[in-house]
Amino acid sequence: MNGFWTRTTACVVGLSISTAASFPPVNAALISTAQVAQATNQDRIAISTVLARPEIQAELVSRGVSVDEAKQRVAALTDEEARNLSQQLDSLPAGGVDVLGTVLIVFIVLLITDILGFTKVFSFTHPIK
């Protein structure tokens, strides 16, 4: 009976060691206040860079928002809001709206409705009966 417990203990210890060895070591370090402030400032700088573009300023003015008011609102954003807005600006398409994609979708919808007989937009389609 003594050998059973010795083997069981050896198996449990071996399994524990092999499991612990399979995990990569974790390196944790303190983040300084300057690093956090720099990351926050980078988000605000990215937003301010977009606001500095003449076409953006013209669009703001055409919508009744002064450039100074927009800059004040950017300064009033929380860190989380600035990060989210900066990420959204990075993910937007360069042209603003994907016109080609929209035209393609409208064409496909009209083509399908022509083939089904709901509309008669294109002369080259024949509705199914």
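**Packing around helix H2**

The buried residues of H2 pack against helix H3 (54–62), helix H4 (67–75) and H5. Here helices are DSSP runs of H or I with at least four residues, numbered from the N terminus; buried means under 20% relative accessible area and exposed over 50%, with a 1.4 Å probe and protein chains only. The model is predicted, so local features need pLDDT of at least 70 and side-chain atom pairs count only at pLDDT 80 or more, while totals for chains, interfaces and linings use all residues. Residues are numbered from 1 along each chain as its sequence is written, and side-chain values use heavy atoms, without hydrogens and water.

**Helix H2**
- Thr-40, Asp-43, Arg-44, Ile-47 and Leu-51 are the buried residues in H2.
- They lie on the same side of H2 because they cover an arc of only 95° around the axis, taken from the directions from the helix axis to the C-beta atoms.
- Ala-34 and Ile-45 are exposed, on the face of H2 turned away from its buried side.

**Nonpolar core**
- The largest nonpolar core has six residues: Ile-47, Leu-51, Leu-60, Ala-70, Val-74 and Ala-82. Such a core is a set of buried Ala, Val, Leu, Ile, Met, Phe, Trp, Tyr and Cys residues joined through side-chain atoms within 4.5 Å.
- H2 and H4 each supply at least two residues of this core.

**Ser-86**
- Ser-86 belongs to helix H5 (residues 79–91) and is buried, with a relative accessible area of 6%.
- Apart from neighbours within four places in sequence, Ser-86 is in contact (heavy atoms within 4.5 Å) with Asp-43, Ala-46 and Ile-47.
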